[in-house]
Amino acid sequence: METKRKYAVLLCAEDSEYVKNEYGGYLKVFMGLLEEEGEEWEAYRVARGEFPADGDVESYDGFVISGSCSDAHGDEDWIKKLIEFVRRLNARKKKLLGVCFGHQIIGRALGGNTGRAFKGWDIGVTPLHLSSSLNKFFSPLDVPPQLSVIECHRDEVLELPPFVEVLARSEKTGIEMFKCDDHIMGIQGHPEYTKGILLHLVDRLLDSNLIEKSHAENVKKELNEREPDREAWERLCRVFLKGKLSQ
């Protein structure tokens, strides 16, 4: 009997009531993007200090680090523990995909710098300009030179060490995607998000006085006019996490 492939999502934020009610929680949101038949998916709530035991790491085929309302440049105990965990995964060459906060945490763990974005909040559907090396990396796929993704962040990866390769940029963010060898990839955007999730987050940011009303209204207007390349991101993320790629 063939062994099921096994993946873990490291959840860095609590599920909102909206996400629980509409999707069953963020684990299910990620499974909607990444899951295929014959796989097992589990979640660890790392923001609560819940991490895979060191002896269990080899039983997983890959890991995903989620977004968060926390700062990747913060010094909370769980963030420092997550950075060390990423370094151990890197040493073992385990497949690792980081999204938004996860992208930033991986960048920091690899020796880069993170902080507040130079150009402020990026919220909406953002077109990314992909590097020519991304096409080589994803040689099994026919990736266009530009892909749009849902974004919601005010922090970014500011600098990466020379052994990490930048794969995409946008008008606001210089490091939208990166890779380290063929086992680590970071994406600043949220390929797993739906427009509904983003609209809910915009309302929460507005209620918390983190963005202005005019900003929220502009985001909602633009969301009616733009679509993320959801299917392309699904293929790209699945091929990275599960497929064999050329370096």
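Analyst: The description below starts with the sheet and then moves to the helices and the core.

This is a predicted model, in which local features need pLDDT of at least 70 and side-chain atom pairs count only at pLDDT 80 or more, while totals for chains, interfaces and linings use all residues. Residues are numbered from 1 along each chain as its sequence is written, and side-chain values use heavy atoms, with hydrogens and water left out.

The open sheet is formed by 9 strands in the order S2-S1-S3-S4-S11-S10-S9-S6-S7, with mixed pairing. Strands (E, at least two residues) and helices (H or I, at least four) are DSSP runs numbered from the N terminus; two strands pair if DSSP finds at least two bridges between them. S2 and strand S7 (146-153) stand at the edges with a single partner strand each, so one side of each has no neighbour in the sheet. From one strand to the next, the twist averages 25°.

Strand S1 (residues 5-11) is largely enclosed by the rest of the structure, because 6 of its 7 residues are buried. Buried means under 20% relative accessible area, exposed over 50% and partly exposed in between, with a 1.4 Å probe and protein chains only. S1 runs parallel to strand S2 (residues 39-45), joined to S2 by 7 bridges; leucine 11 stands opposite arginine 45 of S2. S1 also pairs with strand S3 (residues 62-65) in the parallel sense, over 4 bridges, and here leucine 10 has isoleucine 65 as its bridge partner.

Elsewhere in the sheet, strand S10 (residues 177-180) and strand S11 (residues 184-187) pair in the antiparallel sense over 4 bridges. Methionine 177 is placed opposite isoleucine 187 in S11.

H2 touches S1, S2, S3 and strand S4 (95-99), and its direction makes about 145° with that of S2. Helix H6 (residues 195-207) touches strand S6 (122-130) and S7, at about 35° to the direction of S7. Contact means heavy atoms within 4.5 Å. Axes are lines fitted to C-alpha atoms, for helices over the stretch in contact, and angles run from 0 to 180 degrees between N-to-C directions.

H2 (residues 26-34) also packs against helix H8 (residues 230-242), at an angle of about 90° with the axes 8 Å apart. That makes H2 roughly perpendicular to H8, a term for angles of 65 to 115 degrees, with under 35 counting as roughly parallel, over 145 as roughly antiparallel and the rest as oblique. Gly32, Leu33 and Leu34 of H2 meet Arg230, Trp233, Glu234, Cys237, Arg238, Leu241 and Lys242 of H8. H6 in turn packs on helix H7 (residues 213-223) at about 170°, with axes 10 Å apart, which means that H6 is roughly antiparallel to H7.

Finally, the core. In the largest nonpolar core, of 52 residues, Trp41, Ile123, Phe138, Met177, Met185 and Leu236 touch the most other members. Such a core is a set of buried Ala, Val, Leu, Ile, Met, Phe, Trp, Tyr and Cys residues joined through side-chain atoms within 4.5 Å. Not counting residues up to four places away in sequence, the contacts of methionine 185 include Leu96, Ile106, Phe138, Met177 and Leu236. A second, separate core has 31 residues, among them Ala8, Phe51, Ile83 and Val164.
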